[in-house]
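Open your viewer and get the selection tool ready.

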Amino acid sequence: MKQVFILRGLPGSGKSYYAQSLADELGGVDSSQYLICSTDDYFLNDQGEYHFDKFKLPQYHNLNLARFINALAQNIPLIIVDNTNIKKWEFIAYSQAAHALGYQVKEVIVGEVKDKSMQHLYAKRNTHNVPLKTISKMAYMFEW
């Protein structure tokens with residue numbers, strides 16, 4: 001069975017941890033059996049340091065989508081989209097492409113989006129230094 005999991009959630013909610021746990025559980029030890037597609041990967045430099053550039057965000061989202069579609073075309077059994085996906089339009093292309101190529105698609109909301117105390121925790125623990133104000137704004141804009 002070919003599966004796509006589209007993760008959604010605030011920065012610091014545990015999406016990347018969830019993605020890797022899911023890959024370990026369902027994809028097994030053979031990394032050719034799964035792919036985690038995260039736009040964050042494109043913000044890493046050669047030393048593995050994360051440098052966000054809002055001006056490159058559209059380009060990097062397109063690169064991530066292209067990587068995802070390529071994985072679909074290769075029939076990789078498990079593909080996980082690890083992005084915030086706050087608005088539905090942000091992941092509809094992933095969902096439609098996966099359905100078109102015969103994948104089962106599951107949308108997973110990671111964490112508690114509307115819980116203010118959790119937003120404070122996410123602001124403290126997210127690895128990209130996204131401030132609480134931005135996380136709260138993202139929570140407010142989250143589409144169910």
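Start by colouring the aromatic side chains: the structure holds 6 aromatic pairs. Select Phe43 and Phe52 and you will see a tilted pair, with 5.0 Å from centre to centre and 40° between the planes. Keep in mind as you look that this is a predicted model.

Phe43 sits in the loop between strand 2 and helix 2, while Tyr60 belongs to helix 2, so their contact ties together parts that are 17 residues apart in sequence.

Phe52, at 46%, counts as partly exposed. To see the whole group, select Tyr42, Phe43, Tyr50, Phe52 and Tyr60: ring pairs link them into a cluster.

From there, hide the side chains and show the cartoon. You are looking at an open sheet of 4 strands, in the order 2-3-1-4, with parallel pairing. Strand 2 and strand 4 (104-109) form the edges; each has a single partner strand, so one side of each has no neighbour in the sheet. From one strand to the next, the twist averages 15°.

Zoom in on strand 1 and strand 4, which pair in the parallel sense over 6 bridges. Pick Leu7 and you will find it standing opposite Val108 in strand 4.

Now bring in the helices. Helix 1 packs on the sheet and touches strand 1, strand 2, strand 3 and strand 4, with its direction at about 175° to that of strand 3. Helix 2 (residues 57-73) lies across strand 1, strand 2 and strand 3, and runs at about 165° to strand 2.

For the last stop, select helix 1 and highlight Lys15, Ala19, Leu22, Ala23 and Gly27, which are buried. They cover an arc of only 100° around the axis, which puts them on the same side of helix 1. The buried residues of this helix pack against strand 1 (3-8), strand 2 (34-37) and strand 3 (78-82). Finish just after helix 1, at Gly28, which takes a positive phi of about 75°.

Note on methods:
Residues numbered from 1 in each chain as written. Predicted model: local features only at pLDDT ≥ 70, side-chain atom pairs only at ≥ 80, totals over all residues. Heavy atoms only, no water. Buried < 20%, exposed > 50% of the residue type's maximum accessible area, 1.4 Å probe, protein only. Helix = DSSP H or I, 4+ residues; strand = E, 2+ residues; numbered from the N terminus. Arc of directions from axis to C-beta. Contact = heavy atoms within 4.5 Å. Pairing = 2+ DSSP bridges. Axes fitted to C-alpha atoms, helices over the stretch in contact; angles between N-to-C directions. Phe/Tyr/Trp six-rings, centres within 6.5 Å; stacked < 30°, edge-to-face > 60°.
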